[in-house]
Amino acid sequence: MDNKEKILIIDDELAPRESIRMVLKDTYTVSTAPGALEGLDMLSHGPVDLVVMDIKMPRMDGITALQEIKKLHPDTEVILLTAYASLETARDAIRFGAFDYLIKPFDKDDILLVVEKGLKKRRENAGLKMERDILLGRASYLEDQVTKARNNIITCYEGTVSALILTIDAKDHYTYNHSNRVAQLASKLALELGVPSKVIKEIEHAASIHDIGKIGIEESILKKNGELTTDEYLEMKKHPSIGARIVQSVPFLEEAIPVILNHHERYDGKGYPHGLKGEQIPLAARIVAVADAVDAMMRARPYREAALSMDRVMEELQENAELQFDPEVVDVIVRGRVVLV
Ligand SMILES: [Fe+2]
């Protein structure tokens, strides 16, 4: 197989065309064309490594042909031949992608030198292209691996959250699915309050594990029917801090910390664990506090009589707006912007 580099000479004048061919033919595979159209036709059947082309030609000039060649084969280097009078045009041709130009008359060494330089650049570009292709291949492989890893993390996250929710609900006195219902309601409230969708998803996830700290509270307290003693109540009040500590060690659950830690803070500052007030309490926690209370009121519990009526729930919310709850969040429910089910 012929491994010589391919050069095409395009010139409407026979003499220069042939003299260049003679200079190059022993080292390279050389073909010639008597005009730009003929040259382009040859190139449409396959690329060459380098084109040597006259600028001034009838029918199609070298600058136009240069742009056509670059469209066909961007990697083919082009050297233009110019008379001194067209020097400015030749210089302009560099910005259309010409590698270099030769001013007529030129001798054999000029041709050999510039052709060799052009081919060297072509080889380097081909090498770079190969490296780039290899790198792109590797990047695409890594991207696939990252996507797989990310999907695994998401599956792992969802599995972990589901397991935690089941654990909390099983251990607590709430009816089945309390955590999920709080998450759904919190998500609807956040949407109505104009929270961005990415943050809504975070609030929903956080809401579903807001009581995670109850894992650390004794079951006898959690499941006790009737009033808690002062000590038991103090113990129970630890669950936001315990929950935040648990979640701190799980990087992909970190965003839930503000909700877990602050969901028992009250708007009037009389909540726990830190007695934060009003907007000192993160919005997500203020939303979850309302969702949590609403769900608790709407469901019958083992230690309490039947669920409250819808009217009673509304009254409770309104009476406690600005005391226990953020009035803006309460407002969303009271005005029917989120329907309770
Ligand atoms: Fe709680």
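## Cores and helix packing in a predicted model

The face of helix α2 turned away from its buried side carries the exposed residues Asp 41 and Ser 44. Helices (H or I, at least four residues) and strands (E, at least two) are DSSP runs, numbered from the N terminus. This is a predicted model, in which local features need pLDDT of at least 70, side-chain atom pairs count only at pLDDT 80 or more, and totals for chains, interfaces and linings use all residues. Residues are numbered from 1 along each chain as its sequence is written.

The buried residues in α2 include Ala 36, Gly 39 and Leu 43. Seen down the axis of α2, its buried residues fall within an arc of 60°, so they line one face of the helix; the arc is that of the directions from the helix axis to the C-beta atoms. An α-helix has 3.6 residues a turn, so residues three or four places apart point the same way. The buried residues of α2 pack against β1 (6-10), β2 (29-33), β3 (50-54) and α3.

Two helix pairs can be set side by side. Axes are lines fitted to C-alpha atoms, for helices over the stretch in contact, and angles run from 0 to 180 degrees between N-to-C directions.

| Helix pair | Angle between axes | Distance between axes |
|---|---|---|
| α2 (36-44) and α3 (62-72) | about 5° | 10 Å |
| α5 and α6 | roughly 120° | within 8 Å |

α2 and α3 are therefore roughly parallel to each other, whereas α5 and α6 are oblique. Angles under 35 degrees count as roughly parallel, over 145 as roughly antiparallel, 65 to 115 as roughly perpendicular and the rest as oblique.

The contact of α5 with α6 is made by Ile 165, Ile 168 and Asp 169 of α5 and His 178, Ser 179 and Asn 180 of α6. Two residues are in contact if their C-beta atoms, placed from the backbone, lie within 7 Å. By class, this contact has two nonpolar, three polar and one charged residues. Ala, Val, Leu, Ile, Met, Phe, Trp, Tyr, Cys and Pro count as nonpolar, Asp, Glu, Lys and Arg as charged, and the others, Gly among them, as polar.

The largest nonpolar core has 37 residues, and those with the most contacts inside it are Ala 186, Ile 287, Val 288 and Ala 291. A nonpolar core is a set of buried Ala, Val, Leu, Ile, Met, Phe, Trp, Tyr and Cys residues joined through C-beta atoms within 7 Å. Among the elements that give two or more residues to this core are α5 (108-171), α6 (178-192) and α12 (283-298). α12 gives the most, with eight residues. Ala 291 touches Val 182, Leu 185, Ala 186, Leu 189 and Ala 207, not counting residues up to four places away in sequence. A second, separate core of 30 residues includes Ile 10, Ala 36, Val 78 and Leu 81.

Two loop residues remain. Leu 253 lies in the loop between α10 and α11 and counts as buried, with 20 C-beta neighbours inside 10 Å. Phe 96 lies in the loop between α4 (87-93) and β5 (100-103) and is partly exposed, with 14 other C-beta atoms within 10 Å. Not counting residues up to four places away in sequence, Phe 96 touches Ile 63, Leu 66, Gln 67 and Lys 70.

How values were computed: A residue is buried if 20 or more other C-beta atoms lie within 10 Å of its own, exposed if 12 or fewer, and partly exposed in between; C-beta atoms are placed from the backbone.
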